[in-house]
There are 2 protein chains.
Amino acid sequence: MIARTKPKATKRIEIRLAGSGGQGLITAGVILAEAAALHEGRNAVQTQSYGPEARGGASKAEVIISDGPIHFPKAQRLDVLLAMTQEASDLYYHDLKYEGILLIDSDLVTSPPTSAALGVPITRMVRDELGRELFANIAALGVLVGATGVVGEKALQAALLARVPKGTEAVNKKAFALGLKAGRAAARVEDAGTEFAED
Amino acid sequence: MIARTKPKATKRIEIRLAGSGGQGLITAGVILAEAAALHEGRNAVQTQSYGPEARGGASKAEVIISDGPIHFPKAQRLDVLLAMTQEASDLYYHDLKYEGILLIDSDLVTSPPTSAALGVPITRMVRDELGRELFANIAALGVLVGATGVVGEKALQAALLARVPKGTEAVNKKAFALGLKAGRAAARVEDAGTEFAED
């Protein structure tokens, strides 16, 4: 994971959001898939697999985005992994492509598996700025969009506002904006620190 | 679809919930999968695929439940299809196994593809009894559990209460109970009308 390249919108992109139950990652996965499919005209498949690890409290949501048909709906080599717990980072890092992007909540993943991980203290940031951790999943989507560009900011925000309960639009927009800014900043720092900088 | 048999819990069961966006079928799919996986110790995969039909307003959620590993996460021959629109019924009926169960909202699917469809006026029932259509997806889960037994009633209710917003537990339980009762009644009528009655 030395050369970080932003996934091209024209190919199949595999994303996994992983952490623990209660972090809202399934909702985040649905919003991400709907951003791509309903607001960018791409195809998307969104999946959660529940096995023994789910009964242990782990949670993961996968999103596959493609401009073409998606024949196999299971993620196999991830382009992007968002890890919201140390366990998720340890367990799924090996599923990431060599050039894939690892995003972590840097407070919750204290031992990242690579120095190339892009870290944002997502949960703490949301708690400090919005007073509750409840919107960490939406901030995480902001980080993901800001750092990777797998879907457009406007598409994500449109999908977000179509999904959240009435009356919570403003706080969800704020959580998303917080994450977006932090994700962009994290990606800039990473770009500046490698010889593969893109901008 | 003449002989209706209840799917056995020991085999792979494929369920599709299909209708239109806004009917809450993705939430229903997640709750169904979590009932099986988190409260009955089975494995489950829950998927939504978004293509051109999703951009046209259609929505579908799939759940695969198995006591063994789930190697292929895509539904191919449905054991149960819940159709909440005429379009969903027309489009997906051919994906149902010969012995599969078709559940329909009998107000919204006015031309069922088979006389063996189990019909409950789910949306109207919820509107009449609870004053809003918002909980039709939860009543639909009740119908599905009552008519097919693919997961247990207690497991479904536990998964439901873990997922719904605080403060809405009572109305969600009521919607589920309404559906459960109607689903059981619909299955009894169907059993009585065929020579393959099971009870």
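What covers the buried residues of helix α6 in chain B includes α1, α5 (136-148) and α7 (169-192) of chain B. In this predicted model, local features need pLDDT of at least 70 and side-chain atom pairs count only at pLDDT 80 or more, while totals for chains, interfaces and linings use all residues. Residues are numbered from 1 along each chain as its sequence is written, and chains are lettered from A and ligands numbered from 1 in the order in which they are written. Helices (H or I, at least four residues) and strands (E, at least two) are DSSP runs, numbered from the N terminus. The helix α6(B) spans residues 153-163, and its buried residues are A155(B), L156(B), Q157(B), A159(B) and L160(B); a residue is buried if 20 or more other C-beta atoms, placed from the backbone, lie within 10 Å of its own, exposed if 12 or fewer, and partly exposed in between.

The axes of α1(B) and α6(B) come within 8 Å and cross at roughly 115 degrees, where axes are lines fitted to C-alpha atoms, for helices over the stretch in contact, and angles run from 0 to 180 degrees between N-to-C directions. From α1(B), the residues V30(B), I31(B), E34(B), A35(B), A36(B), L38(B) and H39(B) meet A155(B), L156(B), A158(B), A159(B), L160(B) and R163(B) of α6(B), a contact being counted if two C-beta atoms, placed from the backbone, lie within 7 Å. By class, this contact of α1(B) with α6(B) has 10 nonpolar, one polar and two charged residues; Ala, Val, Leu, Ile, Met, Phe, Trp, Tyr, Cys and Pro count as nonpolar, Asp, Glu, Lys and Arg as charged, and the others, Gly among them, as polar.

## Helices of chain A

In chain A, the axes of helix α5 (residues 136-148) and helix α7 (residues 169-192) come within 6 Å and cross at roughly 35 degrees. The contact of α5(A) with α7(A) has 16 nonpolar, five polar and two charged residues.

Helix α4 of chain A, residues 122-130, contains M125(A), and this residue counts as buried because it has 22 C-beta neighbours inside 10 Å. Not counting residues up to four places away in sequence, M125(A) touches V120(A), A139(A), L178(A) and A182(A). The C-alpha atoms of M125(A) and A185(A), which are 60 residues apart along the chain, are separated by 14 Å.

An open sheet of 12 strands, with mixed pairing, runs in the order β6(A)-β5(A)-β4(A)-β1(A)-β3(A)-β2(A)-β2(B)-β3(B)-β1(B)-β4(B)-β5(B)-β6(B); two strands pair if DSSP finds at least two bridges between them. The edges are formed by β6 (118-120) of chain A and β6 (118-120) of chain B, each with a single partner strand, so one side of each is left without a neighbour in the sheet. From one strand to the next, the twist averages 15 degrees.

Within chain B, seven of the eight residues of strand β1 (residues 13-20) are buried, so this strand is largely enclosed by the rest of the structure. Eight bridges join β1(B) to strand β3 (residues 58-66) of chain B in the antiparallel sense, with L17(B) opposite A61(B), whereas β1(B) and β4(B) pair in the parallel sense over four bridges, with R16(B) opposite L81(B). Strand β4 (residues 78-83) of chain B also pairs in the parallel sense with strand β5 (residues 96-105) of chain B, over five bridges, and L82(B) has L103(B) as its bridge partner in β5(B).

## Where the chains meet

The two chains are joined in the sheet by seven bridges between strand β2 (residues 43-50) of chain A and β2(B), which run antiparallel, and S49(A) stands opposite V45(B). In total, 20 residues of chain B are in contact with 20 residues of chain A. On the side of chain B that touches chain A, α1 (25-39), β2 (43-50) and α2 (52-55) each supply at least two residues, and the largest share, eight residues, comes from β2(B). By class, that side of chain B has 10 nonpolar, seven polar and three charged residues.

Chain B can be laid on chain A with an RMSD of 0.0 Å by a turn of 180 degrees and a shift of 0.0 Å along the axis, the copies being superposed by least squares on the C-alpha atoms of residues with pLDDT of at least 70 in both. The two copies are thus related as by a two-fold rotation axis. The same surface serves both copies, since 100% of the contact residues of chain B recur in chain A. Of the residues of chain B, T47(B) comes closest to the rotation axis, with its C-alpha at 2.1 Å.
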